[in-house]
Each structure stands twice: as structure tokens, then as C-alpha cells.
Amino acid sequence: MSLSCPIRRQLLKGIGGAAVVSLVPTQAFASRSTQGSRFLSFYNIHTGEHQQGIYWEKGGYVGDTLASFNNLMRDHRQNIEAPMDKRVFDIIYQLQQKLDTDKQVHVISGYRSPKTNAMLAARSNGVAKKSYHMKGMAVDLCIPGLSLKDVREAALQLNLGGVGYYPKSGFIHVDCGPVRRW
């Protein structure tokens, strides 16, 4: 029995598609999984605010939860809110998965306005003049109860963006820019 041309073409397309899919890294599927949900809990050390919720569910981001996270991560010095890049939340979620913890993440700095960033850069050599914080693409954080060194190591192993280590200040920096470390 021979297959007709349209059926044969569909079969070959299916096999070709399966071959292409097998070449895509599994991490890409994990970060866009339609299975389950993703929960995060935050505490802003400067404002004392807490926010928690499911930010990813049924294959998509949950707008109300992201809005509450954006508010918590606002520039508290200027009281200016900006949308955070969703990949930042994915990095934090994957970091918690790697560390096998669901402990609340303490936010030291999320979004920074250009005015705040310039003020901080004038005070310290450790603040980039073109910081990813100004683009909503970075968070400085710690997870109480976990070694800062372990959190840094886990972030580096994710290989998902920039990782800065500030042991004297008690936090790490993660961003969704190019992979690099300092």
C-alpha cells in the first residue's frame, strides 16, 4: 500500500518538525512551559511591602500579578513605577527552583529611574551609568536563610544573564542582559 502525495508530505513535515524540535534546548521549553504555574513571593526591604502570587499560569503571564510585582519593584526614591522585563521573574523563578526553595525573595533594587541611577553612580563605583535597572531588566536581591555565595553560584549555573556579587552589601544582582559576571 502506498501513501498518497499529500499524506506523504504531511508525514515528512511531521518527522522534519520533530527533528527540529529535538535540536532546541530543553531549557527553552521549560521557561515557556504550558504545564503548571509559577509562584513568586517578594519583600521590598526599603518600603516594607510584600507581594506574592502566581505570575505564570496556563501557558501565559498573569497581568494582575505582574502589575503588583512592578509596583513593589518601583524606584522607591522617586516613587516611579515601570514595567519589569518578564524574563527577570523567570530568572528568579528558575533560581529558586535550582536552590530548591520557595522562600520569600528580598528585593534591594528593581527598577531605577535615570535620576536615581545617576545619584547612585555618583556615590559608588559599583553602579553602572547605563544600568539594566533603568530598563527594568535587573534586580538586586537576597534570599534570607540561604548563603549569598550559594545563591550566586546557582545564578551563575543558570547562565541566563548578568550576575553580580556584592557580599559586603549582602546581595546579588541578576539581569536578563548578556551572560556575564562580576
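Reader: How does the lining of the largest cavity divide by class?
Author: In this predicted model, the lining of the largest cavity has two nonpolar, six polar and four charged residues.

Reader: Which residues line the largest cavity?
Author: Its lining consists of Asn44, His46, Arg74, Asp75, His76, Arg77, Ile108, Ser109, Gly110, Tyr111, Arg112 and Thr116. The space within the largest cavity is about 70 Å³.

Reader: And how many cavities of 30 Å³ or more does the structure hold?
Author: There are two cavities of 30 Å³ or more. The second largest cavity has a volume of about 40 Å³.

Reader: What lines the second largest cavity?
Author: Its lining residues are Ile91, Ala155, Leu158, Leu160, Gly161, Gly162, Val163, Val174 and Asp175. Helix H6, strand S6 (162-166) and strand S7 (171-175) each give two or more residues to this lining. By class, the lining of the second largest cavity has six nonpolar, two polar and one charged residue.

Reader: Turning to the helices, at what angle do H4 and H6 pack?
Author: Helix H4 (residues 86-99) and helix H6 (residues 148-158) pack at about 115°, and their axes are 9 Å apart. Their crossing is right-handed.

Reader: Which residues make that contact?
Author: H4 contributes Ile91, Gln94, Leu95, Lys98 and Leu99, while H6 contributes Asp150, Val151, Ala154, Ala155, Gln157 and Leu158. Seven of the residues in the contact of H4 with H6 are nonpolar, two are polar and two are charged. Ile91, Ala155 and Leu158 belong to this contact and also line the second largest cavity.

Technical notes. Residues numbered from 1 in each chain as written. Predicted model: local features only at pLDDT ≥ 70, side-chain atom pairs only at ≥ 80, totals over all residues. Heavy atoms only, no water. Axes fitted to C-alpha atoms, helices over the stretch in contact; angles between N-to-C directions. Helix = DSSP H or I, 4+ residues; strand = E, 2+ residues; numbered from the N terminus. Left-handed = near helix turned anticlockwise from the far one by under 90°. Contact = heavy atoms within 4.5 Å. Nonpolar A, V, L, I, M, F, W, Y, C, P; charged D, E, K, R; others polar. 1 Å grid on protein atoms, 1.4 Å probe; cavity = no way out; pocket = protein on both sides within 12 Å on 5 of 7 lines; lining within 4 Å. Points joined across faces, edges and corners; volume = space filled by probe spheres on them.
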